[in-house]
Amino acid sequence: MAFRISYHYHKQQKEIGFANDKHHSVYDAIATAEGVDLTEFHRMESQVANVSRNDRKTMKDFREEYFRKLGFSQVTIVRED
């Protein structure tokens with residue numbers, strides 16, 4: 001089953017294909033598609049994981065807030081049948 005990611009970036013609706021073997025996460029995929037460097041994000045994400053002891057809610061909130069500041073919103077996964 002194939003997946004697509006639908007998202008808004010700088011108030012424009014966009015959609016890309018997603019493959020688990022190419023990207024670490026949905027957020028990595030959309031950042032790569034838009035040419036956004038995630039070096040700083042991965043460093044901060046690692047620190048948050050260490051402090052929060054990998055609490056899933058804290059990690060999810062961190063990712064969503066970070067990408068919201070970059071201009072991404074309404075990130076959803078769409079399954080193709």
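Predicted model: local features only at pLDDT ≥ 70, side-chain atom pairs only at ≥ 80, totals over all residues.
Gln-74 lies in strand β3, which spans residues 72-80. Gln-74 has a positive phi of about 50 degrees although it is not a glycine. Helix α3 packs with α1 at an angle of about 15 degrees and with α2 at about 155 degrees. The whole structure holds six salt bridges.

**Positive phi angles**

- Gln-74, the residue of strand β3 with a phi of about 50 degrees, counts as exposed, with 55% relative accessibility.
- Lys-11 is a residue other than glycine with a positive phi, near 65 degrees.
- Lys-11 is placed in the loop between β1 and β2.
- With a relative accessibility of 84%, Lys-11 counts as exposed, because the cut-off for that class is over 50%.

**Packing of α1 with α3**

- Helix α1 covers residues 26-34 and helix α3 residues 56-70; their axes are 11 Å apart and meet at an angle of about 15 degrees.
- That angle makes α1 roughly parallel to α3, since angles under 35 degrees fall in this class.
- The crossing of α1 past α3 is left-handed.
- On the α1 side the contact is made by Tyr-27, Ile-30 and Ala-31, and on the α3 side by Arg-63, Glu-64 and Phe-67.
- By class, the residues of this contact are four nonpolar and two charged, with no polar ones.

**Packing of α2 with α3**

- Helix α2, residues 39-52, packs with α3 at an angle of about 155 degrees, and the two axes are 10 Å apart.
- That angle makes α2 roughly antiparallel to α3, because angles over 145 degrees are classed this way.
- α2 and α3 cross in a right-handed sense.
- From α2, the contact takes in Glu-40, Phe-41, Met-44, Glu-45, Val-48, Ala-49 and Ser-52.
- From α3, Thr-58, Met-59, Phe-62, Arg-63, Tyr-66 and Phe-67 take part.
- The contact of α2 with α3 divides into eight nonpolar, two polar and three charged residues.
- Arg-63 and Phe-67 of α3 are among the residues in the contact with α1 and are also among those that meet α2.

**Salt bridges**

- Side chains of opposite charge can pair when their charged atoms come close.
- Six salt bridges are found in the structure as a whole; three of them are described here.
- Glu-15 and Arg-4 form a salt bridge through their side chains, at 2.9 Å from N to O.
- This pair links distant parts of the chain, with Glu-15 in strand β2 (residues 12-18) and Arg-4 in strand β1 (residues 2-9), eleven residues apart.
- Glu-15 is partly exposed, at 43% relative accessible area, and Arg-4 is also partly exposed, at 25%.
- Lys-14 and Glu-34 form a salt bridge with an N to O distance of 3.2 Å.
- The two residues are 20 residues apart and link distant parts of the chain, Lys-14 being in strand β2 and Glu-34 in helix α1.
- Lys-14 counts as partly exposed at 25% relative accessibility, as does Glu-34 at 21%.
- Asp-61 forms a salt bridge with Lys-57, and their closest N and O atoms are 2.9 Å apart.
- Both Asp-61 and Lys-57 lie in helix α3, four residues apart, which is about one turn of the helix.
- Asp-61 is partly exposed, with 37% relative accessible area, whereas Lys-57 is exposed, with 57%.

**Two residues of helix α2**

- Ser-46 lies in helix α2 and counts as partly exposed, at 38% relative accessibility.
- Ser-46 and Met-59 are 13 residues apart along the chain, and their C-alpha atoms are separated by 9.6 Å.
- Ala-49 is also placed in helix α2.
- Ala-49 is buried, with a relative accessible area of 13%, because the cut-off for buried is under 20%.
- Apart from its neighbours within four places in sequence, Ala-49 is in contact with Asn-54 and Met-59.
- Ala-49 and Tyr-9 are 40 residues apart in sequence, and their C-alpha atoms are 26 Å apart in space.

Methods
Residues numbered from 1 in each chain as written. Heavy atoms only, no water. Axes fitted to C-alpha atoms, helices over the stretch in contact; angles between N-to-C directions. Parallel < 35°, antiparallel > 145°, perpendicular 65-115°, else oblique. Left-handed = near helix turned anticlockwise from the far one by under 90°. Contact = heavy atoms within 4.5 Å. Nonpolar A, V, L, I, M, F, W, Y, C, P; charged D, E, K, R; others polar. Salt bridge = Lys/Arg side-chain N within 4 Å of Asp/Glu carboxyl O. Buried < 20%, exposed > 50% of the residue type's maximum accessible area, 1.4 Å probe, protein only.
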